[in-house]
Amino acid sequence: MSQQSAEQGFRPPQQARSRESLQKVLAAAEHVLAERGIEEFTVAAVAEQAGMSVGAIYRRFSGKDQLLYAVKDQLLGQLETGVGEALRSPAPGLSGVVGAFAHALARTFARHDRIFPELLDGQRAEGRERGLQALAAIQDVFVEAVRPCREEIRRPDRARVIRMAARTMIGSCVHRAATCRFWSDGLTWTAWATETTELVLAYLVSPEDPETPRPV
């Protein structure tokens with residue numbers, strides 16, 4: 001879990017048995033969110049799903065809000081780790097980096113897309129801050145990974161268009177995860193990543209129209 005998770009009042013356990021217990025609680029919390037939604041998400045429901053006492057949950061978390069934060073923190077940590085690993089050794093060239101980034105985003109959200117809308121509905125200000133922190137971190141990883149391929153980009157102001165590409169992919173992914181249960185695009189997450197890769201590459205490698213107004 002992140003350093004910010006400790007600031008929310010819970011700390012990653014040090015002993016193996018405690019770590020296993022925590023993962024059991026978080027898995028149960030995800031299940032309750034996915035099956036019942038935020039309105040029926042309670043400590044009692046999570047305890048029942050985990051096969052634990054309510055008191056055992058409260059010994060680790062102060063209540064529902066802190067438990068929700070822990071679930072979101074774990075998801076975002078997996079996103080950061082997945083993107084970092086994918087961009088450590090992507091396929092060669094700009095297409096390899098963009099494709100690795102898009103598919104890493106897709107893999108994480110494919111595993112959690114049933115709970116993401118519920119996490120958004122239930123998040124507090126500190127949850128939004130943690131989310132923005134994670135998105136900024138993976139954008140920075142993408143920018144650094146693209147650096148060796150910058151010469152393939154045909155648009156001026158490469159730093160700006162690289163950030164634009166990163167934010168577009170991230171924003172599209174988050175929006176899809178938040179809405180796909182209610183507004184399906186008919187794609188698998190793998191297909192979404194492939195299509196998004198092609199869109200972003202077309203933007204990066206096509207020369208800018210000289211008559212297009214430049215951003216101020």
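Reader: Over the ring of which residue does the charged end of Arg 176 sit?

Author: A charge is said to sit over a ring if NZ of Lys or CZ of Arg is within 6 Å of the ring centre and within 35 degrees of the ring normal. Here the charged end of Arg 176 sits over the ring of Trp 189, at 4.4 Å from the centre of that ring. Please keep in mind that this is a predicted model, in which local features need pLDDT of at least 70 and side-chain atom pairs count only at pLDDT 80 or more, while totals for chains, interfaces and linings use all residues. Residues are numbered from 1 along each chain as its sequence is written, and side-chain values use heavy atoms, with hydrogens and water left out.

Reader: How many aromatic pairs does a search of the whole structure find?

Author: A pair of aromatic rings is described by the distance of the centres and the angle of the planes. Rings of Phe, Tyr and Trp (its six-membered ring) pair if their centres lie within 6.5 Å, and planes under 30 degrees apart count as stacked, over 60 as edge-to-face and the rest as tilted. The search finds three such pairs. One of them is the stacked pair of Phe 109 and Trp 189, with 6.2 Å from centre to centre and 25 degrees between the planes. Phe 109 lies in helix H6 (residues 93-112) and Trp 189 in helix H10, so this pair ties together parts that are 80 residues apart in sequence; helices are DSSP runs of H or I with at least four residues, numbered from the N terminus. Trp 189 also forms an edge-to-face pair with Trp 192, at 5.5 Å centre to centre and 70 degrees between the planes.

Reader: Is Phe 109 buried or exposed?

Author: Buried means under 20% relative accessible area, exposed means over 50%, and partly exposed is in between (1.4 Å probe, protein chains only). Phe 109 counts as buried because its relative accessibility is 3%, and Trp 189 is likewise buried at 9%.

Reader: Which residue meets Asp 73 in a salt bridge?

Author: A salt bridge is a side-chain nitrogen of Lys or Arg within 4 Å of a carboxyl oxygen of Asp or Glu. The side chain of Asp 73 meets that of Arg 130 in this way, at 2.7 Å from N to O. Asp 73 lies in helix H5 (residues 64-86) and Arg 130 in helix H8 (residues 125-146), so the pair ties together parts that are 57 residues apart in sequence. Both Asp 73 and Arg 130 are buried.

Technical notes: Helices (H or I, at least four residues) and strands (E, at least two) are DSSP runs, numbered from the N terminus.
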